[in-house]
Amino acid sequence: MYILTDNYLKFGIAVDPVEPEKILHVLEKEEIELKAVITTHHHLDHAGGNKRISEMVKNLSIYGGDERIESLTEKVCHSETIVIENLLIKCLHTPCHTSGHVCYFIAGDTSREPICFTGDTLFIGGCGRFFEGSAKDMLQSLDILSTLPSNTKFYCGHEYTLNNLKFALSVEPNNEATLQKLEVVEEKLKRNQPTVPSTIGEELKYNPFLRLDKNTVQLHTNEVTPEAVLAVLRKLKDNF
């Protein structure tokens, strides 16, 4: 979960606040008012705190793209822009992990990089499991995210980076960017530091699910067709 704050206007937005007490403790300490919740998908490890936080903060707007999201007040759709105080947040429908999964993109300006909250669609070095969609759905969703500005910092829903990079090396063993990233990640984890965020530009160098068009990714197939790539993507995820 994350908190996005404007320290000048003193407001905050909670992203997948599954532990509301922790969120509200931080905001109270910083004297920041919670204005809204944005939810990536309906799974309880992301949306399970919505009911509780809506009881703790009255008249709270809770955004999401799936009616199964607990305590949802505002349903969003693909490419819709929601306005919360002075922030413009673009909603990106990225189905596959769940059919109603939404990522949230905030464009940058001269003083800050663009950011995106990707939930369980895009991870550092990997992508989400296929629970409610097909390989085609996932590729289309990843294509949406991969075309965001390369300096977009993205914040994913879980710390799976180490295992993801080990998997990436199993299908692209000579990728120097992956080897270098793995060293950095191992050092961070030794110091108990998070590996999040990454950037879209970095992912294009080592995330195999964004590199299926590269000959260096060992797809284990003799056919280079869209159908074969989709089949291999599903097989890779099933064996992950």
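**Exercise 1. State how close the axes of helix H5 and helix H6 come and at what angle they cross, then describe the contact.**

Step 1. The axes of helix H5 (residues 161–171) and helix H6 (residues 176–190) cross at roughly 160° and come within 10 Å. Helices (H or I, at least four residues) and strands (E, at least two) are DSSP runs, numbered from the N terminus. Axes are lines fitted to C-alpha atoms, for helices over the stretch in contact, with angles from 0 to 180 degrees between N-to-C directions.

Step 2. The crossing therefore makes H5 roughly antiparallel to H6 (under 35 degrees counts as roughly parallel, over 145 as roughly antiparallel, 65 to 115 as roughly perpendicular, the rest as oblique).

Step 3. In H5, the residues in contact are Thr161, Leu162, Leu165, Ala168 and Leu169; they meet Thr178, Leu179, Lys181, Leu182, Val185, Glu186 and Leu189 in H6. Contact means heavy atoms within 4.5 Å.

Step 4. Eight residues of the contact of H5 with H6 are nonpolar, two are polar and two are charged. Here Ala, Val, Leu, Ile, Met, Phe, Trp, Tyr, Cys and Pro count as nonpolar, Asp, Glu, Lys and Arg as charged, and the others, Gly among them, as polar.

**A note on the model**

This is a predicted model: local features need pLDDT of at least 70, side-chain atom pairs count only at pLDDT 80 or more, and totals for chains, interfaces and linings use all residues. Residues are numbered from 1 along each chain as its sequence is written, and side-chain values use heavy atoms, with hydrogens and water left out.

**Exercise 2. Give the strand order of the open sheet of five strands, and find its edges.**

Step 1. The order is E1-E2-E3-E4-E5, and the pairing is mixed. Two strands pair if DSSP finds at least two bridges between them.

Step 2. E1 runs antiparallel to strand E2 (residues 11–15), joined by five bridges. Ile3 is placed opposite Ala14 in E2.

Step 3. Helix H1 (residues 20–29) packs on this sheet and touches E1, E2 and strand E3 (33–38); the directions of H1 and E1 make about 25°.

**Exercise 3. Locate Lys10 and describe its phi.**

Step 1. E1 and E2 form a hairpin with four residues between them, and Lys10 is in the turn.

Step 2. Lys10 is not a glycine, yet its phi is positive, about 60°. Most residues other than glycine have a negative phi.

**Exercise 4. Work through the open sheet of six strands.**

Step 1. The order is E6-E7-E8-E9-E12-E13, with mixed pairing.

Step 2. Strand E6 (81–84) and strand E13 (198–199) are the edges: each has a single partner strand, so one side of each has no neighbour in the sheet.

Step 3. Strand E9 (residues 115–119) pairs with strand E12 (residues 153–156) in the parallel sense over four bridges. Phe117 has Tyr155 in E12 as its bridge partner.

Step 4. Helix H4 (residues 135–146) lies across strand E7 (87–93), strand E8 (102–106) and E9, at about 155° to E7.

Step 5. Pro197 lies in the loop between H6 and E13. The peptide bond from Val196 to Pro197 is cis, with omega near 5°.
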